[in-house]
Amino acid sequence: MPGAIKQQALAALSSRKTDGTGLRVAIVHAKWNIEVVGALVAGCKAELLRAGVAESDVVVLEVSGAYELPYAASRVIASQKIDAVVCVGCLIKGDTMHFEYICEAVTQGIMRVQLDSGVAVLFGVLTVLDEQQAKDRAGLSDKGHNHGTEWAQTAVEMARLREDSLKGGCPMRPRERLPYHDLTACPFFTVSTWLHIATISAIGFAAAAIAKKLA
C-alpha cells in the first residue's frame with residue numbers, strides 16, 4: 001500500500017503543468033558522484049526547457065562538492081537576475097560521520113540562502129545510504145525515476161510564487177542590497193511607524209543624558 005501511495009504522489013508531481021516562459025533559472029551542481037549528478041542535472045534542464053525556459057536562461061554552474069553549493073547559489077543570486085536556483089548533489093553515506101556533518105551543513109545552508117535572498121533555492125541533493133539508492137533516484141535504474149524533473153517543476157512554481165508576491169507588498173530583496181532609504185518604499189513603514197521610531201529614539205537619548213549626569 002505505501003508503494004502505491006508513493007507512485008500516485010510521484011505521478012501527480014510529474015504531471016504538473018508549469019510555465020517557465022521568461023524565467024531565468026540556475027542549476028548549481030557538485031562534481032562528486034558525477035554519473036548520478038550528471039543525470040539529475042540533465043533531467044532538470046530538460047524539464048526546464050520543456051516548461052518554456054529559454055536555453056540561454058538556464059545557467060549551469062559546477063562546484064567541487066555539495067558543501068560548496070549554498071555559497072555558489074548565493075553568489076549566482078547576487079551577481080545576476082535569477083528567479084530560482086536548483087542545487088544538485090549526491091551524498092552517499094560512508095564509514096565516518098562526514099556524511100552527517102555535510103548533510104546538515106548543506107541543508108541549513110541552502111535554507112539560509114533562500115530565506116536571506118528571497119529567491120527560491122531548491123534542495124536537489126540526494127542523501128542516500130548506497131550507490132544503488134542514488135541511481136534509483138537519478139533514473140539510472142528500472143526501480144526509480146529522475147528526481148531532477150520534479151526539482152525543475154518546483155523551481156518554476158516557486159519562481160512564479162515569488163513573482164506574484166512582488167506585485168504587492170514590501171519588495172523581497174537580499175538583505176545586503178537593502179539600503180536604509182529604501183525602507184520608505186515599503187508600505188509597512190507608514191507615518192505612524194516613523195513616529196514610533198522617533199519616540200523610541202528620543203527616549204533613548206534622554207536616558208543616555210540622564211545616565212551621563214548621574215555618572
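Which residues have the most contacts inside the largest nonpolar core? In this predicted model, they are Leu-48, Val-86, Val-88 and Leu-126.

Four strands make up an open sheet. Their order is β2-β1-β3-β4, and the pairing is parallel. The edges belong to β2 (58–63) and β4 (120–128). Each has a single partner strand, so one side of each lacks a neighbour in the sheet. On average, neighbouring strands are turned by 15° against each other, direction ignored.

Take β1, residues 25–30. It runs parallel to β2, and 6 bridges join the two. Here Val-25 stands opposite Val-58 of β2.

Next come the helices. Helix α2 (residues 34–50) lies across β1, β2, β3 (84–92) and β4. Its direction is at about 175° to β1. Helix α3 (residues 69–79) also lies across β1, β2, β3 and β4. For α3, the angle to β1 is about 155°.

Now back to the core. The largest one has 28 residues. At least two residues each come from β1, α2, β3, β4 and α6 (148–165). Helix α2 gives the largest share, 7 residues.

Val-88 shows how these parts meet. Leaving aside neighbours within four places in sequence, Val-88 is in contact with Ile-27, Val-28, His-29 and Ala-30, among others. Its contacts also include Val-37, Leu-40 and Val-41. Leu-69, Gly-124 and Trp-151 are in contact with Val-88 as well.

Another core lies apart from the largest one. This second set has 23 residues, among them Ala-66, Ile-82, Phe-99 and Val-113.

Terms used. Residues numbered from 1 in each chain as written. Predicted model: local features only at pLDDT ≥ 70, side-chain atom pairs only at ≥ 80, totals over all residues. Heavy atoms only, no water. Pairing = 2+ DSSP bridges. Axes fitted to C-alpha atoms, helices over the stretch in contact; angles between N-to-C directions. Contact = heavy atoms within 4.5 Å. Core = buried A, V, L, I, M, F, W, Y, C linked by side-chain atoms within 4.5 Å. Buried < 20%, exposed > 50% of the residue type's maximum accessible area, 1.4 Å probe, protein only.
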